[in-house]
Amino acid sequence: MNNSQTQTFDFIIVGAGSAGCVLANRLSESGKYSVCVLEAGPADKTPFIKIPAAFGYFMFSKKYNWDYDAQIVDDIRQGKALNVPRGKTLGGSSSTNAMLYIRGQQEDYDEWQQLGNNGWSYQDLLPYFKKSENNSRGESEFHGANGPLHVSDREIHYPLSKTFITASAQAGFNITDDFNSAVQEGAGYFQCTINEGQRCSSAKAYLLPALQRNNVTVIVEALTTKIVIEDLKAVAVVYSKKGKTSTIRANKEVILSSGAINSPQLLMLSGIGEKSQLEQHGIECIHSLAGVGQNLQEHVDACVFVNSKKHDGISTSVGGLFRMIPDLFKYLTKREGKLSNSISEAGAFLKSENSVARPDIQLHMVPLLYDDNGRDLKLMAKDGYSCHVCILRPKSTGTVRLSSADPFAAPEINFNFFSHPEDKKILVNGIKQVRKILASTAFDDYRGEEVHPGISAQSDEEIFAKAKERLGTVFHPVGTCKMGSDDMAVVDTQLKVHGIDNLRVVDASIMPRLVSGNTNAPTIAIAEKAADMILAFYRSNA
Ligand SMILES: Cc1cc2nc3c(=O)[nH]c(=O)nc-3n(C[C@H](O)[C@H](O)[C@H](O)COP(=O)(O)OP(=O)(O)OC[C@H]3O[C@@H](n4cnc5c(N)ncnc54)[C@H](O)[C@@H]3O)c2cc1C
């Protein structure tokens, strides 16, 4: 401590999410540095975090979920706001996500490198994916077996998942047993960040072990409201806990790991961002950085819903819930059964049309009628199945902007979906690919009426109009503090904020381009690499 009031730590990490927990562990490992983690949400105490199938619970939670709404667009979801869930607890979104373990495609990272980000190619990141991973299949060219993040094959519980794989083969698509090896393309079962029937969040994997060390402090329910910058150097952060404001100082660095929505918000609240936007809210611009909050990318998602003639999927009807009772007992006694897996057991990475070079769509098969993040309970009470399709590398980009200078106010999220015409084409072709799979004979015993988009939607325009009515996302916002050296870049390849000393951003927001798959494993690998870079820096500048 440098005086009786202000505590000082070597590193202050803002946000205990997928990335923040990795940093807390790796930076404290040697015992040489003190680390403080500030987390806005509460501790991860609820049992619902542990139970994989309880994923849906968090969509209704205001305690563990930031529960943002995107800016309303007239023809999307019929003018209703698109919901943007983000985890708000130890583990961040890794404590509330669907647990699918996917890395994306090798070309994604090679593209980051081609954009000028040396050291961020696939070959550069592969060691960090492996370092983080404890894969139940053991060590191999592509997988690690000694890391803290448990990744496992899951028992497949829903016949609909198996039917989806058979149908994909019937429709002429490749079948794969590993989306994370040399070739991603094909349909298959997902591996999940689940260990012995329980979610393996970043908090469980990385933070819990770090908390055994006496150089790690975690403060929960502490909303960081500002980074204190003196002479263009980050020296402290201000946070609010239970109505009380406190300041803690950083000897070495402040590291923002607040996620793709909150990291840019916090930079702007601290006077780093586009000058005119800051001034509009009465915030003094300490350092003008036009890219903060720009370049928002997200996996925009559409779906095909079909009524089922069978009753072996999930339904929230009384009968459906009754059918779950044996599985509840199985889970409580042995941590097995339907509650021990993600609700999406199977999926695919496909080309939206033959002419594209690599998969540009991802399919998530779910054994229920799942819309509006599970909040359409009436729809879910029916027996049915849905196949969701998202665009893997959308060209449309959006923004995160301040709605006010109040750090407690939600920022404005504008996805700007379909501002690039190519995205529309990929989504429509993606829906056609889904229909092809669902029309295969394997589904004959299941297939009832197509509820959505509905068979009346046949032309591209009709399919697109219907898709927008139930448009969603796969909860993968990235890119709002992008890494690079151009005018819109926020951090350099060391993830240091351009123009400000002792300040880094390490989370999903630094991705210059969205990767072709779910973003938890990539964010963890980014943080593993960042920790290595930070430790190397202080080793050579000791
Ligand atoms: C519902 C859902 C389902 C998903 N499903 C999958 C999936 O199946 N597979 C997959 O790979 N990915 C999935 N994802 C995406 C993945 O979980 C995220 O990309 C990843 O967790 C992002 O990590 P992060 O560190 O950038 O942010 P987060 O993990 O979101 O962490 C940010 C942390 O910072 C905290 N914070 C924010 N602002 C402040 C502040 N001002 N002060 C203090 N703390 C703050 C937050 O509360 C949070 O704990 C899903 C995400 C969601 C929300």
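A residue is called buried if 20 or more other C-beta atoms lie within 10 Å of its own, exposed if 12 or fewer do, and partly exposed in between, with C-beta atoms placed from the backbone. By this criterion phenylalanine 418 is buried, with 21 other C-beta atoms within 10 Å. The model is predicted: local features need pLDDT of at least 70, side-chain atom pairs count only at pLDDT 80 or more, and totals for chains, interfaces and linings use all residues. Residues are numbered from 1 along each chain as its sequence is written. Helices (H or I, at least four residues) and strands (E, at least two) are DSSP runs numbered from the N terminus.

**Ligand surroundings**

- The ligand is surrounded by 41 residues, of which the closest are Gly15, Gly17, Gly92, Asn518 and Asn520; a residue counts as near if its C-beta atom, placed from the backbone, lies within 6 Å.
- Helix H1 (18-28), strand E11 (223-230), helix H7 (259-269) and H14 are the elements that give two or more residues to this shell.
- H7 supplies the largest share of the shell, four residues.
- By residue class, the shell divides into 16 nonpolar, 21 polar and four charged. Here Ala, Val, Leu, Ile, Met, Phe, Trp, Tyr, Cys and Pro count as nonpolar, Asp, Glu, Lys and Arg as charged, and the others, Gly among them, as polar.

- H7 is largely enclosed by the rest of the structure, because eleven of its eleven residues are buried.
- The buried residues of H7 include Asn262, Ser263 and Gln265, as well as Leu266, Leu267 and Leu269.
- Glycine 271, which follows H7, has a positive phi near 90°.
- In H13, the buried residues are Ile463, Ala467 and Lys468. They cover an arc of only 130° around the axis and therefore lie on the same side of H13; the arc is that of the directions from the helix axis to the C-beta atoms.
- Strand E16 (300-308) and H12 are among the elements that cover the buried residues of H13.

**Packing of H4 against H14**

- The axes of helix H4 (residues 122-132) and helix H14 (residues 520-540) come within 8 Å and cross at roughly 105°. Axes are lines fitted to C-alpha atoms, for helices over the stretch in contact, and angles run from 0 to 180 degrees between N-to-C directions.
- H4 and H14 are therefore roughly perpendicular to each other, a term that applies to angles of 65 to 115 degrees, while angles under 35 count as roughly parallel, over 145 as roughly antiparallel and the rest as oblique.
- Leu125, Tyr128, Phe129, Lys131 and Ser132 in H4 meet Ala521, Ile524, Ala525, Glu528 and Lys529 in H14, contact being defined by C-beta atoms, placed from the backbone, within 7 Å.
- The residues of this contact comprise six nonpolar, one polar and three charged.

**Backbone features**

- Most residues other than glycine have a negative phi, and most peptide bonds are trans.
- Histidine 452 and proline 453 are joined by a cis peptide bond with omega of about -5°; proline 453 belongs to the loop between strand E22 (447-452) and helix H13 (460-469).
- Aspartate 67 has a positive phi, near 50°, and lies in the loop between helix H2 (47-50) and strand E3 (68-69). Aspartate 67 counts as partly exposed, with 18 C-beta neighbours inside 10 Å.
- Phenylalanine 418 also has a positive phi, about 65°, and is located in the loop between strand E21 (412-414) and helix H12 (421-438).

Methods:
Two residues are in contact if their C-beta atoms, placed from the backbone, lie within 7 Å.
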